[in-house]
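I opened my notebook for this one with a few plain look-ups in mind. Here is what I wrote down, topic by topic.

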Amino acid sequence: MPPKAETLSADHLFSINAGTPDMVNLTTLDEESMVSNLQERFKAGLPYTLCGQICVSVNPFRWLPIYEESVINRYHNSSNPFVTQPPHVYPVAHAALTRLQNGSTSSQSILVSGESGAGKTEATKICMKYLAQVDTMASGPASARAKALTDRVLQSSPILEAFGNAQTVRNDNSSRFGKFLQLRYSDSVRQMGANIRTYLLERSRVVRPPHKEKNYHVLYALVGGATPEETQQLGLLPEDQYEVLAEGNGRVPVRTRPAGATTHPARPPATPPATAHPRSTAAPRAPSCTLHDAPLGRAALSPATKGRAARSAQP
C-alpha cells in the first residue's frame, strides 16, 4: 500500500525514485511493461506517470500534498516541466497555456479520459486551479476575477453531479454524462469567462437503472429531503414506492435503515448565490415530474394518490 497521505510532503513524494517516470524510456513499450511500471510507481505513492506529453494517472482515492501554491509555482516557473519536473497534470495545463502566451491563434484543448472512477473530474478541477493560480500571479491585484471565475465554475459541480451522477457497481459518484468546459482568454492571455456544455446524458437510467445500480442522485435527494409541505405540494411518495429508485450497489434498503437515517443529502444541492435565478424555487418540479411520468416510476397508487400526483405535475 502507498504511504499514508498525512506522513507525506511534496518534497518527499517528488524525491521517490520508483519505476520509470516517462514510459517513453521503457526498453519495451507494450501493455504488460506499462501496467507493471504504473503499478510499481503507484505502490510507492506516485499517482502520475508520463508517456511523452500524456499524463497517466492512477486514482489514489486520497488527497496528496502536491497541489499547493508552492508546487504550482514550481511548475509554472519551469521552461519545460515535462522534462525538468516530476510527472504531474500541471505540465499538461502549462503547455496549453504557454502556446496561447506564445501567440498561437488556435484554441488549445486538454482531453481528460478514463474509465469510471479514474479521477477525471478531479483532474479537470486540478488543471483549472493551476490555470487560475497562474493567472493570479500574472495579473496581480486584478487577479480576483480569475479566482472568482474558477470558484463559480467549481460551485456548479455539485448541481451538475446531482442531476448527472449516479451510483454504479464501480463508482459511488459516477458521471453519466460528458462535459465540455471552455475557459475564455483575452488577447493578453487573461481569463475572462467560462462556459460548460453537457452532452450524452444516460437517459435510459431514469426509467430503468442497470442491475445493482442507482438512479440519479437528485431523485433520491428530493424524495428523502423534501419537507412535509413540499411532499404534499409535489405529490411525492416514500422512496421505496418508486420502482425507478433502485436500491443500488451496497445501498442499505429503506426498510432496514435506522429511523430518520438516509444515504442522501437532506435536500438537493442549493444553487450557488453567484448563479441564483429568480425561478430557482421551481427547480424541484422537474425531478418530481420525472418520478411521476417515468414508466417504471409509478408504484401501485391509489386513485387519490394518482390524482394528487397528476395535479402536482401541472405547471
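**Aromatic rings.** I started with a rule for ring pairs: rings of Phe, Tyr and Trp (its six-membered ring) pair if their centres lie within 6.5 Å, and planes under 30 degrees apart count as stacked, over 60 as edge-to-face and the rest as tilted. With that rule I get five aromatic pairs. In one of them, the ring centres of Tyr67 and Tyr90 are 6.4 Å apart and the planes stand at 85°, so I logged this pair as edge-to-face. Tyr67 is in the loop between strand E2 (54-57) and helix H3 (69-76), while Tyr90 is in helix H5 (residues 90-101), so the pair ties together parts that are 23 residues apart in sequence.

I then looked up accessibility, where buried means under 20% relative accessible area, exposed over 50% and partly exposed in between (1.4 Å probe, protein chains only). Tyr67 has 16% relative accessibility and counts as buried. Tyr90 counts as buried too, at 2% relative accessibility. Tyr90 also forms an edge-to-face aromatic pair with Tyr75, at 5.6 Å centre to centre and 75° between the planes. Tyr75 belongs to helix H3 and Tyr90 to helix H5, so this pair ties together parts that are 15 residues apart in sequence. Both Tyr75 and Tyr90 are buried. Which residues make up the aromatic cluster? I noted Phe14, Trp63, Tyr67, Tyr75, Tyr90 and Tyr130 as forming one cluster.

**Ground rules.** I kept in mind that this is a predicted model, in which local features need pLDDT of at least 70 and side-chain atom pairs count only at pLDDT 80 or more, while totals for chains, interfaces and linings use all residues. Residues are numbered from 1 along each chain as its sequence is written, and side-chain values use heavy atoms, with hydrogens and water left out.

**Overall tally.** I took helices (H or I, at least four residues) and strands (E, at least two) as DSSP runs, numbered from the N terminus. That gives the protein 13 helices and six strands. Of its 315 residues, 38% count as buried. For contacts I used heavy atoms within 4.5 Å. Among contacts in the protein with a separation of 6 or more, 61% come from residues 24 or more positions apart.

**Helix H10.** How many of the nine residues of H10 are buried? I found eight, which leaves H10 mostly covered. The buried ones are His217, Val218, Leu219, Tyr220, Ala221, Leu222, Val223 and Gly225. They pack against helix H8 (157-164), strand E3 (165-166), helix H11 (228-234) and H12.

I followed the H12 side further. H10 (residues 217-225) and H12 (residues 285-293) pack at an angle of about 95°, their axes 10 Å apart. The axes are lines fitted to C-alpha atoms, for helices over the stretch in contact, and angles run from 0 to 180 degrees between N-to-C directions. Angles under 35 degrees count as roughly parallel, over 145 as roughly antiparallel, 65 to 115 as roughly perpendicular and the rest as oblique. H10 and H12 are therefore roughly perpendicular to each other. Val218, Leu219, Leu222 and Val223 of H10 meet Pro287, Ser288 and Leu291 of H12.

Two strands pair if DSSP finds at least two bridges between them. Strand E5 (residues 178-185) and strand E6 (residues 191-199) pair in the antiparallel sense over eight bridges. I marked two places along the pairing: Gly178 stands opposite Tyr199, and Gln182 stands opposite Asn195. The two strands form a hairpin with five residues between them, and Val189 in the turn has a positive phi of about 60°.

Leu200 has a positive phi of about 55° although it is not a glycine. I located Leu200 in the loop between E6 and helix H9 (204-207), where Leu200 is exposed, with a relative accessible area of 72%. Lys212, also not a glycine, has a positive phi of about 65°. Lys212 is in the loop between H9 and H10. Is Lys212 buried or exposed? Its relative accessible area is 52%, so I put Lys212 down as exposed.

**Last look-up.** Arg152 lies in helix H7 (residues 144-155) and is partly exposed, at a relative accessible area of 45%. From Arg152 to Ala194 I have 42 residues in sequence and 9.3 Å in space, C-alpha to C-alpha.
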